[in-house]
Number of protein chains: 2
Amino acid sequence: MDEMFSDRIKDVPKSFIREILKVSINPSIISFAGGLPNRELFPEKEIKDATAKVFESCGKSLLQYSNSEGLIELRQWIADRYKKRKNIDVSPENILITNGGQQGLDLLGKTLVNAGDGVIMEEPGYLGAIQSFSIYQPNFFPVTVHDTGMDLEQLNSLHLDKSVKLMYTVPNFQNPSGITYDEANRKGIMACAEKNDFFVIEDDPYGELRFHGEDAPSFYSLNPEKTVMLGSFSKIVAPGLRLGWIVAPEALNQKLLVAKQASDLHTCNFTQSILHRFLCDYDLDEHIAKIRKAYGSQCRAMLNSIEKYFPDGVSNTRPEGGMFLWGRLPGQMSSMDLFNEAVKENVVFVPGDPFYTTVKKRSDFRLNFSCVDEATAEEGIKRLAKAIEKMM
Amino acid sequence: MDEMFSDRIKDVPKSFIREILKVSINPSIISFAGGLPNRELFPEKEIKDATAKVFESCGKSLLQYSNSEGLIELRQWIADRYKKRKNIDVSPENILITNGGQQGLDLLGKTLVNAGDGVIMEEPGYLGAIQSFSIYQPNFFPVTVHDTGMDLEQLNSLHLDKSVKLMYTVPNFQNPSGITYDEANRKGIMACAEKNDFFVIEDDPYGELRFHGEDAPSFYSLNPEKTVMLGSFSKIVAPGLRLGWIVAPEALNQKLLVAKQASDLHTCNFTQSILHRFLCDYDLDEHIAKIRKAYGSQCRAMLNSIEKYFPDGVSNTRPEGGMFLWGRLPGQMSSMDLFNEAVKENVVFVPGDPFYTTVKKRSDFRLNFSCVDEATAEEGIKRLAKAIEKMM
């Protein structure tokens, strides 16, 4: 049957993380592999109450077809929040509601990328973005991410022609590394985007989850015409609602809307209405403060245990927010080999390989701290240290 | 900015129906243009109750990320219903939950269609399917639909080479025409699919809405390996939930799953759980019987008024179910011109043009009867008759 499939789907990898999650079902395993927000913090009661309210006020309209752009009240709320948090002016007209941030990636690939077009990809980078863009058969230009952002020298030495359509970044508490791009780095990137005429995709699902330090300016505040912002309610409210958004310049937004219509007509208005009710009736900032506090202490617990147990030579990032940190084994040690060793010690994580567009035997790996309490973080790191020592 | 866009998005038309809907907002206009199920029949109270129940039993799991395949209990329910209604054996493993039927189309295009590949399209055909497949730049082979199904002579005279991947059909109460393919026609189509090795897409959102006559066998019962079934809860429960499904042969199903992951990770588990609860706790057959009864009388009212008011020379289909019927003006009269005349009489419908892959000045047009009661149907047809007479 293979000859029936489109070229675009043939080589797209199955999500490696979803494969790992199957291993994690065993309850004796401590998992640092997930990318999930902590379910204990979901505002379950508040969403339940909001749901009851929208049934009363909207009734049957909740259940009918709706428009492709998304609920105008929700788009207005998003615009207002950009103003409040970042002092940037976004029109609700330029916002398109999507099924989570992931659909934003698919719509951008669909709308911008011909087979062979250039996509600049931060490296390591979000594997869901690699998977999503891969469908449109781009020519990936990987650029290494260091502690303060993208390697500008490497970026500026690339031969970037007209075929380069976009650059993908998660500039705040990056998935997988936890790194944040600093202001100088963002300005350097935007200068390159202006010179070479491509869009900078600012995917920012974790931006509100800062536990210390100061925000750097959004790419949008540097140049709104060259920036596409992707947002998501998955990490600040709940992923099960599958709600996110895209902010794009007018002409691109119109094309994204056509792509959205062709993809699934519109995002569920039932969940949009519930979310909007929740956002109006409850104090989101207070809720996010709880998440920040919890993730902050869990991150610290993990960092402390790493210092205490990991053998010399293993290095790691120290994130200012988000859900992930990034470790690196010394020398040429393979984190994929470590994974197999770690499973024996009943601890799992995600090896570095799937976060690169060119798969190699990488020595780095991702640890998730949002779903493990302090004690579990310590026990898991202890087990992982044992596995590393066995390999050394 | 135009040079930034992908070739695939450049020529995809904006949904013409969504443009018409804007005209319909005027309350003095009677609209036969929509494609909406009748909101008065939505089981609002029952869905509200089901929602309260799932909050009690599933709690936080509703709000977390979930799997890409979809809720196994819902897939099992779908498999059981195929067994009950059509006596066909479908494994839940071969079912993928989608965001309405429309996403099924996008995933099929993504998974099967390279630019230039052949897509056989019933004509007139569902414009959402035309739009969705257009994204993947196929070579459309239009085949005319008559009263008993596809024109087999026309189909068999096509030069169908290896590049033909699929045929798109809505064999029950087709959108836009209301036509149903008879058994002999289905067998002829499947013989062609087997000979030329392509998939028959059986899109069946209206299949349960039969008000008289007998079901013909599904393509799946003729050859499951050559059939992809698309289903939807939009017309039998509520479109606002955005829930549908694909049944595909194993190897294709695996590729569709990868495409689904890359498109939006998974369909909303919150709405899936609510729908599943609703389906378990309430009698769907009883609910559907109500819809059939209402649409049946509304269709009859429209047909009676057509007989009474339309001038000689205008012909129309007589559907056995669904939501649409199809009219044809005499000679070379353009239904697009009629549309402009009809707006002046405060009545709208959808002209035939967008239901064809090759746009011409068509003389046929679609009338929706699911959203107008008997009296409104009569008044609207009277106005439309006046507009037709003015043009003749």
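Conventions. I number residues from 1 along each chain as its sequence is written, with chains lettered from A and ligands numbered from 1 in the order in which they are written. In this predicted model local features need pLDDT of at least 70, side-chain atom pairs count only at pLDDT 80 or more, and totals for chains, interfaces and linings use all residues; side-chain values use heavy atoms, without hydrogens and water.

Domains. I looked up the bounds, which come from an automatic or database domain assignment: domain 1 of chain A is 2–42 + 286–391, and domain 2 is 61–281. Their centres, taken over C-alpha atoms, are 24 Å apart.

Interface. I find 35 residues of domain 1 of chain A in contact with 33 residues of domain 2 of chain A (heavy atoms within 4.5 Å). The two domains bury about 3,000 Å² between them, and carbon and sulfur atoms give 67% of that area (accessible area, 1.4 Å probe, lost on putting the two parts together and summed over both).

I find one salt bridge between the domains (a side-chain nitrogen of Lys or Arg within 4 Å of a carboxyl oxygen of Asp or Glu). R210(A) and E320(A) form a salt bridge through their side chains, at 2.6 Å, N to O.

Elements. On the side of domain 1 of chain A that touches domain 2 of chain A, α1 (7–10), α12 (284–309) and β11 (324–328) each supply at least two residues (DSSP runs: helices H or I, at least four residues; strands E, at least two; numbered from the N terminus). α12(A) gives the most to that side, with seven residues.
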